[in-house]
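Work through these exercises with the structure open beside you. Try each task before you read its solution.

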Amino acid sequence: MRFINVGFNNMLNASRVIALVSSDSAPSKRLIQDAKDSGRAVDCTCGRKTRCVIITDSDHVILSALQAETVAGRLNGVDDGDSDKEE
């Protein structure tokens, strides 16, 4: 089991991730609202702007303040060099 940091020391099991989506599009905004309404949303932004939406196999939606490229690099095992500071 491998965990990745999705921002502000919030960890996520890497094997449960299905998709990474940018939060800019209208479909992703609808996805976020539907998840919030049904209680499936986990907000890991600590009050910052949502930049990445992570969809898991348990149908949970995790909101992250990190860029999708940063989270993808962490999923692939690439160290981005700034693991101690948040974007």
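The radius of gyration is taken over C-alpha atoms, and the globule rule is 2.2 Å times the number of residues to the power 0.38. This is a predicted model: local features need pLDDT of at least 70, side-chain atom pairs count only at pLDDT 80 or more, and totals for chains, interfaces and linings use all residues. Residues are numbered from 1 along each chain as its sequence is written, and side-chain values use heavy atoms, with hydrogens and water left out.

**Exercise 1. Check the chain against the globule rule, then describe its layout.**

Step 1. Take the 87 residues: a compact globule would have a radius of gyration near 12 Å. The chain has 12 Å, which agrees.

Step 2. List the secondary structure. There are two helices and six strands. Helices (H or I, at least four residues) and strands (E, at least two) are DSSP runs, numbered from the N terminus.

Step 3. Read along the sequence. The pattern is β-β-β-α-β-β-β-α.

Step 4. Look at burial. Buried means under 20% relative accessible area, exposed over 50%, and partly exposed in between (1.4 Å probe, protein chains only). Buried residues make up 37% of the chain.

**Exercise 2. Work out how helix H2 is covered.**

Step 1. Count. Six of the eight residues of H2 (residues 68–75) are buried. Among them are Ala68, Val71 and Leu75.

Step 2. Name the cover. It includes strand S1 (3–5), strand S3 (17–22), strand S5 (52–56) and strand S6 (61–64).

Step 3. Look just after H2. Gly77 has a positive phi of about 85°.

**Exercise 3. Which residues of the largest nonpolar core touch the most other members?**

Step 1. A nonpolar core is a set of buried Ala, Val, Leu, Ile, Met, Phe, Trp, Tyr and Cys residues joined through side-chain atoms within 4.5 Å.

Step 2. Search the 13 residues of the largest core. Ile4, Val6, Leu12, Ile54 and Val71 touch the most other members.

Step 3. Ask who contributes. H2 gives the most to this core, with three residues.

Step 4. Look for another core. A second, separate one of five residues includes Ile32, Ala35, Val53 and Leu63.

**Exercise 4. Are Thr45 and Ile18 buried or exposed?**

Step 1. Locate them. Thr45 is in the loop between S4 and S5, and Ile18 lies in strand S3.

Step 2. Apply the cut-offs. Thr45 has a relative accessible area of 2%, so Thr45 is buried. Ile18 has 59%, so Ile18 is exposed.

Step 3. List contacts, leaving aside neighbours within four places in sequence. Thr45 is in contact with Phe8, Thr50, Leu63, Ser64 and Ala65. Ile18 touches Ile55, Thr56 and Asp57.

How values were computed. Contact = heavy atoms within 4.5 Å.
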